[in-house]
Each structure stands twice: as structure tokens, then as C-alpha cells.
Amino acid sequence: MEDHSEVFEAALGLDWPWYVDRISFDDETRMLLIHLNFEAGGTFTCGSCGSGGCKAYDTIPKQWRHLDFLGHRAFLCGPSPRVECPTCGIRQAVLPWADRRQRLTRPFEEMVVAMAREMPMVAVARLVGEHDTRLRRVVGRHRNRK
């Protein structure tokens with residue numbers, strides 16, 4: 001597959017230190033996998049207090065459901081760094097595409113919330129290929145933010 005990392009970086013709105021490492025397509029499952037990584041020496045924001053400039057302490061590999069791409073399920077795959085915050089200690093870093101402890105990207109969640117305003121949750125779940133219970137939690141979380 002020809003590398004279109006720059007296009008996906010722009011579409012995802014990634015800033016330094018994040019970048020698209022590679023893109024793969026699983027023919028069997030018909031899923032687009034966008035593999036993310038970050039530059040060595042990159043700094044992050046503490047997810048607890050919002051302090052910036054924190055160095056990565058360690059990472060955990062994760063996967064987040066993203067908006068479909070040309071009718072295929074798309075996922076962001078990559079490290080989820082924990083940082084060493086001078087105020088809080090070791091904490092999860094803020095990710096530019098997803099909220100803490102969530103496995104769906106913000107754009108995916110926003111699409112689900114918009115769809116849920118117009119149709120029953122069971123129909124939304126069927127269209128996006130996710131369980132309706134998970135999507136109900138997303139909609140409830142977004143309602144509580146208002």
C-alpha cells in the first residue's frame with residue numbers, strides 16, 4: 001500500500017510529537033488500521049492537572065474506533081503514554097483524538113451523538129457496528145457535559 005501518512009496526519013489534526021507511522025488494511029476483516037506513534041523526546045500534557053511539557057514515563061498499546069473510511073471500519077492503533085507529572089506523579093497523558101479511558105475517538109463519539117438525535121439507538125448501533133449499550137454510555141456522557 002502506498003504511504004499516505006501526511007494526508008492522514010492532516011485529516012486527524014495530529015501535531016508534534018504525534019505522527020502516522022504506517023497504514024494497513026486487513027482484507028479479511030475489511031478494517032483500515034492507522035498506526036500512530038510519537039517522536040522520541042516528545043512531551044505531553046498531564047491528563048489529571050493539565051500541566052504541559054511532561055515526558056513519557058511508559059506506554060500502553062491501545063486501539064480506538066474512528067470514523068469509517070470509504071465504508072470500512074477504521075481504527076487508530078498506537079501507544080497511550082503515561083507521563084511523569086511534577087505535580088501529580090505518574091498519570092495518563094492527554095490524547096488529541098480521544099478522551100481518557102475511552103476506546104472511541106472524539107469524532108466517532110460526536111457522530112454517534114448526532115445520529116442518536118435523529119434515530120433510535122438500535123439503528124445507530126446497527127449502522128456503525130458497535131453495541132448499543134456502549135453507544136448509550138457515549139450519548140449519556142455527552143449529555144452530562146452540557
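The legends below describe close-up views of a predicted model. Local features are reported where pLDDT is at least 70 and side-chain atom pairs where it is 80 or more, while totals for chains, interfaces and linings use all residues. Residues are numbered from 1 along each chain as its sequence is written, and side-chain values use heavy atoms, with hydrogens and water left out.

**View 1. Helix α1 and its buried face.**
Helices (H or I, at least four residues) and strands (E, at least two) are DSSP runs numbered from the N terminus. Ser5, Phe8 and Leu12 are the buried residues of α1, where buried means under 20% relative accessible area, exposed over 50%, and partly exposed in between (1.4 Å probe, protein chains only). Seen down the axis of α1, these buried residues fall within an arc of 65°, so they line one face of the helix; the arc is that of the directions from the helix axis to the C-beta atoms. Glu6, Val7, Ala10 and Ala11 are exposed on the face turned away from the buried side. The cover over the buried residues of α1 includes β1, β2, β4 and β5. Just after the helix, Gly13 takes a positive phi of about 70°.

**View 2. The largest nonpolar core.**
A nonpolar core is a set of buried Ala, Val, Leu, Ile, Met, Phe, Trp, Tyr and Cys residues joined through side-chain atoms within 4.5 Å. The largest such core has 22 residues, of which Val20, Ile34, Leu36 and Trp97 touch the most other members. Two or more residues each come from α1 (5-12), β1 (18-26), β2 (31-38), β4 and β5. Apart from this core lies another, of 13 residues, among them Met115, Ala125, Leu135 and Val138. In soluble globular proteins, nonpolar side chains tend to be buried together. With residues up to four places away in sequence not counted, Trp97 touches Leu14, Trp18, Leu36, Trp64, Leu76, Thr105, Arg106 and Pro107; contact means heavy atoms within 4.5 Å.

**View 3. Helix α3 and its packing partners.**
Helix α3 covers residues 121-128, and its buried residues are Met121, Ala123, Val124, Ala125 and Val128. These buried residues pack against β4 (54-69), α2 and α4 (132-145). Gly129 follows α3 and has a positive phi, near 75°.

**View 4**
Strand β5 (residues 72-85) runs antiparallel to β6 and is joined to it by four bridges; two strands pair if DSSP finds at least two bridges between them. A hairpin of three residues connects β5 to β6, and Cys85 stands opposite Gly89 in β6. A disulfide is a covalent bond between the sulfur atoms of two cysteines. Zero disulfides are found in a search of the whole structure, the criterion being a pair of cysteine sulfur atoms within 2.5 Å. The cysteine sulfur closest to that of Cys85 belongs to Cys49, and their 3.6 Å separation is too far for a bond. Cys88 is likewise in no disulfide, its nearest cysteine sulfur being that of Cys49, 3.6 Å away. Cys85 is buried at a relative accessible area of 4%, whereas Cys88 is partly exposed at 22%.

**View 4. Pro81 within strand β5.**
Pro81 lies in strand β5 and is buried, with a relative accessible area of 0%. Leaving out residues up to four places away in sequence, Pro81 touches Trp18, Phe38, Phe44, Ala56, Asp58, Thr59, Gln92, Ala93 and Leu95. Pro81 and Ser5 are 76 residues apart in sequence, and their C-alpha atoms are 21 Å apart in space.

**View 5. Gln102 and its side-chain contact with Arg141.**
Gln102 belongs to the loop between β6 (89-92) and α2 (106-116). The side chains of Gln102 and Arg141 form a polar contact of 3.1 Å. A polar contact is a pair of N or O atoms within 3.5 Å; within protein, one must be able to donate a hydrogen and the other to accept it, and residues adjacent in sequence count only if both atoms are side-chain atoms. Beyond its neighbours within four places in sequence, Gln102 is in contact with Trp64, Glu109 and Arg141.

Trp16 and Pro17 are joined by a cis peptide bond with omega of about 10°, and Pro17 is placed in the loop between α1 and β1. Arg30, in the loop between β1 and β2, is a residue other than glycine with a positive phi, near 60°. Leu70, in the loop between β4 and β5, is also a residue other than glycine with a positive phi, near 50°. Arg30 is partly exposed at 41% relative accessibility, while Leu70 is exposed, with a relative accessible area of 71%.
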